[in-house]
Amino acid sequence: MSLQRRILHIDLDAFYCAVEEQRDPALKGKPFAVGGQPDQRGVVASCSYAARKYGVRSAMPMAQAVKICPGLLIVRGHYRDYSQASRKVMEHLRELTQQVEQISIDEAFLDITELIDQSQIVATRLQSHILSEFNLPCSIGIASNKLVAKMATDFGKVSSGYTDSPPNAIQIVPPGKEKVFLAPLPVDALWGVGPKTAEKLIEMNINTIGDLCLVSEDVMIKRFGKWGYAISQRARGIDDRPITIQHTAKSVSQETTFAKDVVDEETLLKTIQRLSNHVSLRLAEKHRQATTVKIKLRWSDFTTITRQVTLSQPTNKEDVIYNAAEKLFQNSWKSGKPVRLIGVGSSGLAPEQLNLWEHHSKTNSIETDKKLNSVIHDLREKFGDQILNWGEDLTKDK
């Protein structure tokens, strides 16, 4: 007799803000947001629960956030700290079980079917350990599949109400109760149903997930195609997707939106250089090399273009990425044309490769390159992009 599958979903509550509170305990309990400045087209990356009471939300323009939340404190993000904190938590989850699927920097699924302890005990111990060991609050949902576990977490967080403190919620849906749990929830709470789909469902007088279950699959398929069948299955709490342990990134990219449209070529090239460094560093950290380099440009009228080039051989070196990105930029930009956003990306990723003869001589060189890229990144973050240039730049006419 096979065991009833148990899937645990964990979500680190207001993760960026929790890490910032570790850096500055004075922020605890105050309305603050991590993100860019309101006068520089900044957006909210994360916000404290004290700020959420005022209606501040992630992805909201910071200019709007400061209007609806008087006295909102704005904190510049420290993304390397977030990555380090996330890695520590994920390492602990893998000590509990190897069946871990990380779906974002602050979320993961765990298959806890083989664990002896009851679900409530597993959730309580895990939540307590992450808070005591890493000083990070989290919410947990447990159910027979990923869909319902994720929605259980969301339900638990909302049910806790908006206070100045993280929800630290635990919500468990017993096997066989999936459909009953989902039925009273609004249809837009169904994982995967976006605003446009929700609007169409409401037009069909489908307001709750329970209402959706009353509509035949044939009607849903006729209205939404294959997606209609998937929605019907989800509404009934059916989800057979397994835990995906290994996730390989297909691309690495970095972009920036300027506070004001930029027409200065030197500033644009310096930005491409900085973004190339970010991409190079992230590729090296993932032990990946890219075969394609691409750029993204958004003009002042919001028109956006992308251009890419295939390299002669895979790389994660900043100078190679920058040189390719620069050529793409020069072929795409007309002097004096205002640029609102610029991005550098890489794709066609493959593991770092060394042939037999290169292995011993280049292993140390690769590690040195990684450290060098990291140092360059830190120096530019602290002192500005102009602090370091590649050697060839010194020979160019100024």
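## Salt bridges

Twelve salt bridges are counted in this predicted model, a salt bridge being a side-chain nitrogen of Lys or Arg within 4 Å of a carboxyl oxygen of Asp or Glu. The model is a prediction in which local features need pLDDT of at least 70 and side-chain atom pairs count only at pLDDT 80 or more, while totals for chains, interfaces and linings use all residues. Residues are numbered from 1 along each chain as its sequence is written, and side-chain values use heavy atoms, with hydrogens and water left out.

One of the salt bridges pairs Asp164 with Lys53, whose closest N and O atoms are 2.8 Å apart. This pair links distant parts of the chain, 111 residues apart, with Asp164 in the loop between α6 and β8 (170-172) and Lys53 in the loop between α2 and α3 (62-68); helices (H or I, at least four residues) and strands (E, at least two) are DSSP runs, numbered from the N terminus.

Asp164 is partly exposed, with a relative accessible area of 40%, and Lys53 is partly exposed at 45%, where buried means under 20% relative accessible area, exposed over 50%, and partly exposed in between (1.4 Å probe, protein chains only).

Glu107 and Lys150 also meet through their side chains in a salt bridge, at 2.8 Å from N to O, and both residues are buried. In the salt bridge between Arg241 and Asp239, again 2.8 Å from N to O, Arg241 is partly exposed, with a relative accessible area of 32%, whereas Asp239 is buried, at 9%.
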